[in-house]
2 protein chains.
Amino acid sequence: MKNSRARVLLALLLGSTLIACSSNTNDTSSNNTTYRPTGDLGVIIERASGQVQIVNHSHKQQISEIDGLGDLSHASIVYSRDERFAYVFGRDGGLTKVDLLKDKIDRRIIQSGNSIGGAISQDGKLVAVSNYTPGGVKVFNSDTLELVADIKATIVPSKGLTKDGLPYRSKVVGLVDAPDNKFVFSLFDSHETWVADFSGKKVEITKYTDIGLFPYDALISPDGRYYIAGLFGEDGMALLDLWHPEKGMRHILKDYGKGDKKLPVYKMPHLEGWAIAGDHAFVPAVGQHKVLVIDTKTWQQVAEIQAHSQPIFVMAQPDNRQIWVNFAFPDNNTIQIFNTETFEKVNTLQPGPAVLHMEFTPRGEHVWMSVRDSNEVHVYDTKTQTLLKTIPSKSPSGIFFTNRAHQIGL
Amino acid sequence: MKNSRARVLLALLLGSTLIACSSNTNDTSSNNTTYRPTGDLGVIIERASGQVQIVNHSHKQQISEIDGLGDLSHASIVYSRDERFAYVFGRDGGLTKVDLLKDKIDRRIIQSGNSIGGAISQDGKLVAVSNYTPGGVKVFNSDTLELVADIKATIVPSKGLTKDGLPYRSKVVGLVDAPDNKFVFSLFDSHETWVADFSGKKVEITKYTDIGLFPYDALISPDGRYYIAGLFGEDGMALLDLWHPEKGMRHILKDYGKGDKKLPVYKMPHLEGWAIAGDHAFVPAVGQHKVLVIDTKTWQQVAEIQAHSQPIFVMAQPDNRQIWVNFAFPDNNTIQIFNTETFEKVNTLQPGPAVLHMEFTPRGEHVWMSVRDSNEVHVYDTKTQTLLKTIPSKSPSGIFFTNRAHQIGL
């Protein structure tokens, strides 16, 4: 794999592109909202209605519901470093800044035609969004949502022109933040990973080319050291050690993927869901009813765990004691819990139809899960795996608690 | 080492022991205090004046100063799970609950004659304090500070009676919280470690006896798995694997300590300062000018790093890339930074007289340090090790940011 380094001088685009949108505050809290701390809050995506719920995970209750967020399929969230604002990345290119203290939209812009996630910089001053159309990354001032940098992805001549008559640029996926105010992301159509360094006065971009065919998603380890991109076009994954960027990217897990069997894959697993616990990463197998156990020193598979169906998210409790696994359709009514030390199955739960996402409370006593097709969020005790509370929610998908503000890569 | 298990039925003491104390709000913030998020706040102990500063680490500024907290030598802090309240453990037995949104003392009690730190339970509902006089642990409702449990330490007959005419009970040290609503602590005079499990309706206490002579402090690993007590009376340390409590405690690092040389030890190192980064723990050597590198799989020393003087705190950046070390008197004007991968020295700083404590911002871009005898708190950039800001403070010692609310053992 090649490693080319280019200093790219990005224009500071100071023209504001703010678009004011309606918001609807619906504060059902009985608390005094003028003294609302933000350490135990969260936001739940209500995909079908373009709304989000603000919740409190100490009291296991909804605080408010906010609408006007557009198309929230596959939406994700990052938080400001003070845990006041949630930045919601919508599929329609919408970037919405939600104020958790005022229960309303603070600002909202449409920054592209089609986007797929975002990240916030280590210092909290920049919010980056990865876009499909037009392909690239836009970086915004986290206070004002003014555009700070527009990083255009590589042109892919074989793809011709877009409907706007412009050269087609690669889709961008797997965008994460890394230490030293960097953003790392991958280019699906041009098989690249780029590192954009915002720590200096000029943005500096390092490009890794030929990383493997069609990176489709990525993760970064909790310490911000390893960036790992999944490959849609071939088996294996591409790993960048950010402590040694000079070594370039390398292939790992060469058998990881669909293999020769060309299994029917109902959904490619989410890589955000990689659980790294101690020396092991617990990884959803592609198209197989297995969780793979990877040694994070050698990046070799050392074991596999038989599971109920094709895993989607594999999440480790904050104490790393157990992993919680959800599954692809049609088995997405089930959750399994495994011990990270013995790999034994601890429990199988059937919360209901379409369990899409899980989020642990910061110290791990509870896990919240969205049960989309029963319009509920369930709160379980992690130790006993008993249901503690059911919270009504409209087609809930992603659940995001504010402690993510304090974690590299989240 | 023996492992005896006893079910202890602790009386629920419902009588309130609240003592109202004066508070002094001095809000110098220009912000609208009715919309103050709590994710980027912190509290700094101003030991000499019995005050604390509330600070904001996004803006690197003091928000307010609160007095009336009593004797704050060796004071430490834990946070409520919503990051609104700081529980300050004073040396005089004072337990003070400070409201970071109202800039004032919410409640304050004198719960013993002499205390040495505390912890908050995983669910945030219990605050525990470890006491020297009378020896034991008291556990309080975190909302009201009402006494929930009074765990009396082992009587030590050889120590006779206290001045109150009561049997002397062992001092309690090294109190931490652990997953599943447990508190773990050690008994200095009776050479024990106890685990108090508050997850059920009755408190269940497991006692490990003969753990080693005179445990004086302890730490718990970031995942809550390993509890390690330092021993004042002999070399080595005592380790409890909380995933396997049935195995009891075992001695590790048999050469760790003063050894045969009986070095002059100016100050026993803080164990809270153990940095665990990857497979290594970085540990201050006792009385020697070294940082020891320990393999956390085998708990054997694998390397040592020559340092400027006797280390006190060895702290890892949140990205685990570097450790920051401060030193005992008379060399406590100096800080050294080492690379955790190569063990090479990165830099030596001289911030000023008596650098007592360091605290990293949650994602690690900055480190704050208290320079007691110049009455300043310094904020450094961790990447460049340059001074960014100096904040006036009266004899500052401990610095504690609210993201500790979300971390096991802090």
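Visitor: Are A:Tyr226 and A:Trp299 buried or exposed?

Guide: This is a predicted model, in which local features need pLDDT of at least 70, side-chain atom pairs count only at pLDDT 80 or more, and totals for chains, interfaces and linings use all residues. Residues are numbered from 1 along each chain as its sequence is written, chains are lettered from A and ligands numbered from 1 in the order in which they are written, and side-chain values use heavy atoms, leaving out hydrogens and water. Buried means under 20% relative accessible area, exposed over 50%, and partly exposed in between, with a 1.4 Å probe and protein chains only. Both A:Tyr226 and A:Trp299 are buried.

Visitor: What describes a pair of aromatic rings?

Guide: The distance of the centres and the angle of the planes describe such a pair. Rings of Phe, Tyr and Trp (its six-membered ring) pair if their centres lie within 6.5 Å, and planes under 30 degrees apart count as stacked, over 60 as edge-to-face and the rest as tilted. Here A:Tyr226 and A:Trp299 are edge-to-face, at 5.3 Å centre to centre with 75° between the planes.

Visitor: Which pair do B:Tyr216 and B:Phe232 form?

Guide: B:Tyr216 and B:Phe232 are also an edge-to-face pair, with 6.2 Å centre to centre and 70° between the planes. B:Tyr216 is buried at a relative accessible area of 15%, whereas B:Phe232, at 39%, counts as partly exposed. Over all chains, the count comes to 16 aromatic pairs.
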